[in-house]
Every structure is written in C-alpha cells, then in structure tokens.
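Trainee: Hi, I've just opened this one and could use a guide. Could you walk me through it?

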Amino acid sequence: MPYLGSEDTVKELKKALSNPHIQADPLRYRNVIQRVIRHMTQGVDVSSVFMEMVKASATIDIVQKKLVYLYMCTYAPLKPDLALLAINTLCKDCSDPNPMVRGLALRSMCSLRMPGIQEHLQQPIRNGLRDKASYVRRVAVLGCAKMQKLQGDGEVDGALVNELYSLLRDQDPIVVVNCLRSLEEILACEGGVVINKPIAHHLLNRMPDLDQWGQSEVLTFLLRYKPRCEEELFDILNLLDGYLKSSSPSVVMAATKLFLVLARDFPHVQTDVLVRIKGPLLAACTSESRELCFTALCHVRQILDSLPGHFSSHYKKFFCSYSEPHYIKCQKMDVLCKLVNDENMQQILEELRGYCTDVSAELAQGAIFAIGNIARTYTEQCVRILTELLELKQEHITSAVVQVFRDLVWLCPQCIESVSQALCDCEEAVQDSEGKQALIWLLGVHGERVPNAPYVLEDFVENVKSEAFSAVKVELLTALVRLFLVRPAECQDMLGRLLYYCIEEETDMMVRDRALFYYRLLQAGTEETKRFLCSPTADHSLRLLEDQAECSVNAWASDFNTLVPIYGKEQWAAMTANQVVEFHHKDSVCEASTVMGEEPLITGKKEEVPYVAASSSGLILIPSTCLTAEQFERTWLNLPVGCQQAVPWQENVQPETIQAALQVVHIQTIAMSKANSQVWKAYFHAQDDTGCLFLTELLFETGNAEMQMSVKLSEDKPEVLQAFISILGTVLGTVVGLTS
C-alpha cells in the first residue's frame, strides 16, 4: 500500500526531473534520482516518472546509470511499452568504450522481465562473449542462461552452447566458472554440462587460479567425471590433495566428497581422507557461525556411522556451551553418545548429567534420552544416574527417566530389578501422556517386582474419567489385565470397575473396543489370557538396537556435502518426493555404448534378440531418454500404479535377453536382479514423443508360472497406457516364445 501523500511526492519528483536547471547541474540531478530510488525501496509507486528516468540514462556518469538501470529493471514489467524505448539506450551503451558501462548495460538488459526482450538480447550477448574485457564476458556468460530461461521450453541454441564450451578455456577464472553454471542451466533438460577427460584435466589445472567459491563449484562438477584407469585416478587425487587443507570449509567439504566418490574401490584411501579432515571439521564444529557449526556436526555424525571411534580423543570439543542454541546442543549430545568408550565414559556421563537439570525442559529430556542410549552399553552406571535424577521430583525429568526405563528393561534384562525398585513413589511427578504410558507399561509387565504396583494403578483407575489421553486408558487396560494374572487378589476389584466404565460409559471407540476384547478374553479363561498377553518376548541376546552393523563409507559418500546429512535420508526423500520431475528428449545420444552397431547388446552367450516395432496405436517411444536411478526412485514413489497384471513366464529366460529385447523398442533398463535369484526384479523406463514417462516393474518368483508387471504413467492417458502395455506384452511374449 503506498504511503500517505505519495502522489504529491511523485509529482514533485517528476517536476524536478523535468526541470532544465536541475538537469544542468549533475550533482543536483543525481540527488533527485537518488530520491526516486529511495522512495521506490520504501514502497512508493514511482512508475509514473518512467519516461523521465529513461531520459536520465543518457549520461556519462556511471553512478547515475546504475541508479537508472535499477529503476528500469524494477518497473519494466509494469511499463513494457515504455521500457522498449530504453532498449535503444541500453544497446548503445553495450558498445560504449568503457567496459564497466558495457557490462552494466548488458546485465540490465538481461534483467528486464518483459515480453519480446529475447530478440534484442541475442546480438549484445554474442558480442559480449567475444569482448576483450573479462567483466563483460562474465556478464555475457550469465546472460546466456537468463536468455534461455526467458525462451522457456524453446530449442537450445547449439552454436551458443558450443561457444560457451569454448569459453571454458578463457583466461579469466570467473568466466570459466560462470560458463559451467550457465551450461548447467541451459542443458538441464539434457542432464547438465558434460565433463569429459580434456575438460576435467583443464579444470584441474585451473584450480589454483580460482577463488574459494569457484574451487568448490569446480570440485562439484568434477564428480561427474570417472577416471579411465587407476593411474589417472591417483594423479587426480594427488592434484586435489592440497585442497583438503584449504582455509575454506566449502572447499574442504567439496574436495572430501570428490575423494570419497573417486576412491570408492579403495577403502583405505577413504579412511585416510577422513582422518585428514578431522582438524577442519573440528574447527567448523567450534565456529562462531551457528549454521556452519550445525552443518559440521551433522557430517560428523555421518562419519561416525562408519568410523565409530574417529573423534573419540576429541570428545571435549563436543561439550555444550551455555550460549549455544538448542539445535546445536542436541546435535552435540547425539555425537557424544557415539563417542563413548571405556576411557571417556565417566566424563561424558558427568557432562550429560549436568544438562539434565538445564532450565530448558526440552534440553534436559534430550540429555536423559542420551544417557539412555549410552545405558545400552554401560547399563549399571547410567541406571544409577537416572535413579538419582528421580529424586529431584521434577515432572519433565521424571517423565523422561521413566520412558528411558521402559526401553531399557527390554534391551537390558539385567537392570529390571534396579529399575523396579526405582519406580516407587514416582507416579505423582508424571503428568504427560508419554510418561504415564511408560510408567503404566512398566507396572503392568514388571508389577510383581514393584510392591505398590496395584495401588499406583488404582489411582489411575480412580481418575480414569478425567483422563484426557485415550492412549493412557488403553495402556491402563492392558497393564491391569497383565497385573491381574500375577496378582489377582489385589487387582480383581479395580479391573472390574475399569472394564465396566470403559464398556458402558467410555465414548472413545478405541478404548471401548479394547475393553470388550479383554472382557471376552478373560471369559475364555486365565490360561488363554496368559498365552495371549504373556507370550515369550523376542530374544534379548539378539540386541538388535545395540549391535547395529557399521555402514560403509560408500553408503553415504554420494550424500556427503549435501542436505541429506542435515535433514536425514528419509525426511529428505519425503521432501523431494513431491517435486515434479520433467524429463525431456535429448537430441544427442546419452552414452556412446547405446548407439546400435558399436558393440553387441549381449556379451558372452549369444541368444536371438526379437524385434518388435516401437510404435503401437500412435505411441512413439523416443530412443534416448536419460533418467538416473535417483530420479526414477523419486518419481516411482510419487506416482500411482496405472496398470498391474500377470503375464505367462518361464524360469529359463535370461535377464540379458529381456534387457536387449526391450532396448530394441526403446525401453531402457534402470536396475535388474541377478539371474537365478529367488525373487527376480527389474525396473525399466521409457518416454514417448509428447514427454509422457512410463515406469515399469517386473517381478518373478521362482516356481511361479507368471510374472507380475506394474506400470506407472506420469500423465493420465488411458489410451497411451494401453498402447504401452501392448508393446511391453508383445516383447515379453516374444521372448518367452523364443526360449520355449
């Protein structure tokens, strides 16, 4: 909403800009233009002075030009007709002797968001790409990406792309990096910029000339290059060795990821790299920048999944400071849980014990849960600390401790006795739903060891009408029935009252149904009830939650230096699942090996490959669709099943035959199980000439005479789906006919 009195202000500015006396004084004229910009940034609509501002661009004063160009870029969408009048001035400035003026004019032209600007941009950008001044070339390279974006889904200019590729050898390092980013955007529909051996080696040699931002960008692009031999691999790693010691955290992280990905087949090299970046990561964990500290802690947690004792000698670096925000303290406590060993166990537990009495209830509970995680290994010491915390009689502390006890008695049966003794007189301090459920569960399962267990549950029964949480009522029913089986005399009366209330008066259907179930179960007899409720539990010796296998570095190397360690793999997958992925047909072939005739489709045992036409009922599948496994998985999870049916199959069909036959009709393979697998799966993708994407899953179980076929479609086109299924069924039927 414009400010009050803005109309008078705009009239005054328009009058001042048209005053010849002010125009004759450069300083006064610039001051008026600055007032226009000031009011514009404050929300005043000053678009009515557009014509006067266009006239003001005809000056040799660079500062005044910058102000006028800023104004024009802001109001060009609102005044497209008048903005066309300024294009002549901008085109003229693109030929100015001053390179600063040329670059400024070209950048401003590329920022004009108005229809029909593309035709005016082409020649200035091409001239800028050949300009002698590096600043103008930098602007022109970025302008190529802006021009392509303005064109939308139009065809990519091959000559422009070739010129950008040639500028990768420009003398100016910033031009080189800008070329990479522009090519990445322009060729996004074709998979981005291609990094081959000459380009990769050239970029490696130019690395010392780049600034820190440019180095991290180039290192990211080099992930796309795969060395041809082991000797080339180690030559590249030797060239990049110095960047692991860079003063820039972004360069260190990018170089580390490149090392981990390239050295995928050399675990000792990966371990050595992670040891070398220990210092930079620790420095980042203690940085004053909270964002950098949090990111570094997330990556430390990721590394500890593969190297548990990697930072154990530096555990004090992860002690929390009082001034740190909550999210950093939580990350540090998680790291401390992974660093515990026999040498530092006492110090870490004492540190976490101090956090348990923090003024922040959320942080205190987080520290208690951290002690609970450590208790799976050092049970006696942790249970002693948790028992002492119960004596504080603080509601949030008691609730968290009881929840930890509930999980601990299942994992560590040796602590059941000490936990049972600690539960006495703690029911009054538990008021939240999670704490009540944990306490009631403990009293129900181990109530025979707690002397006052029936009387504690009786208090809950007396107050069941005022209980707000249905989950607590359900847990109370289960616990009381269990306790009745071991202490019937003390529980019979209260169990009858609880069942009567839940069946006759309770309005929550979940609670009522559970009460009816237990009532009918008790009618079947106590032995049947015991068999159902007191059946043997899982084998505690398995310790599934404690002795988890260490994951290899390769399992997360591709996620290093991304948002995955920050959000977590599952949450990041859920966040990106809803993103619409558009796939376009590439004019060029994706890989040289996919060109028919260069190499045989099947190696080793030769089998007949059937030919089936790739067109059915008007459906035309294009031959070169590029789709990564990550894109396939994200799209597959986001689409509903369009068709699912069974087709006759035989066990003696080789997977290579299926792959070769489907490739003939332009259906590409994403992943495939090994031959003779008990459960054989394969995933394929294809795309028609309209851009519609087909995703297919084949599933075959040994001993079955049929194969399950599931097809998903990116667009709702039933006729196209039936045509694709017809092609797929014909290919599979032909393959079965050849092998029978």
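Trainee: How many helices and strands does the protein chain have?

Mentor: The protein chain has 35 helices and seven strands. These are DSSP runs, numbered from the N terminus: helices are H or I with at least four residues, strands E with at least two. This is a predicted model, where local features need pLDDT of at least 70, side-chain atom pairs count only at pLDDT 80 or more, and totals for chains, interfaces and linings use all residues. Residues are numbered from 1 along each chain as its sequence is written, and side-chain values use heavy atoms, leaving out hydrogens and water.

Trainee: In what order do the strands of the open sheet come?

Mentor: The five strands run E3-E7-E6-E5-E4, with antiparallel pairing; two strands pair if DSSP finds at least two bridges between them. Strand E3 (641–648) and strand E4 (668–672) are the edges, each pairing on one side only.

Trainee: And how many bridges join E4 to strand E5?

Mentor: Four bridges join E4 to E5 (residues 679–687). Ala 671, for instance, has Tyr 683 in E5 as its bridge partner.

Trainee: Which helix packs on the sheet?

Mentor: Helix H33 (residues 629–638) does, touching E4, E5, strand E6 (693–701) and strand E7 (706–713). Contact here means heavy atoms within 4.5 Å.

Trainee: New topic: how much of the protein chain is buried?

Mentor: Of its 740 residues, 47% count as buried, meaning under 20% relative accessible area, with exposed over 50% and partly exposed in between (1.4 Å probe, protein chains only).

Trainee: What box do the C-alpha atoms fill?

Mentor: Roughly 105 × 80 × 55 Å, taken along the principal axes.

Terms used. Axes fitted to C-alpha atoms, helices over the stretch in contact; angles between N-to-C directions.
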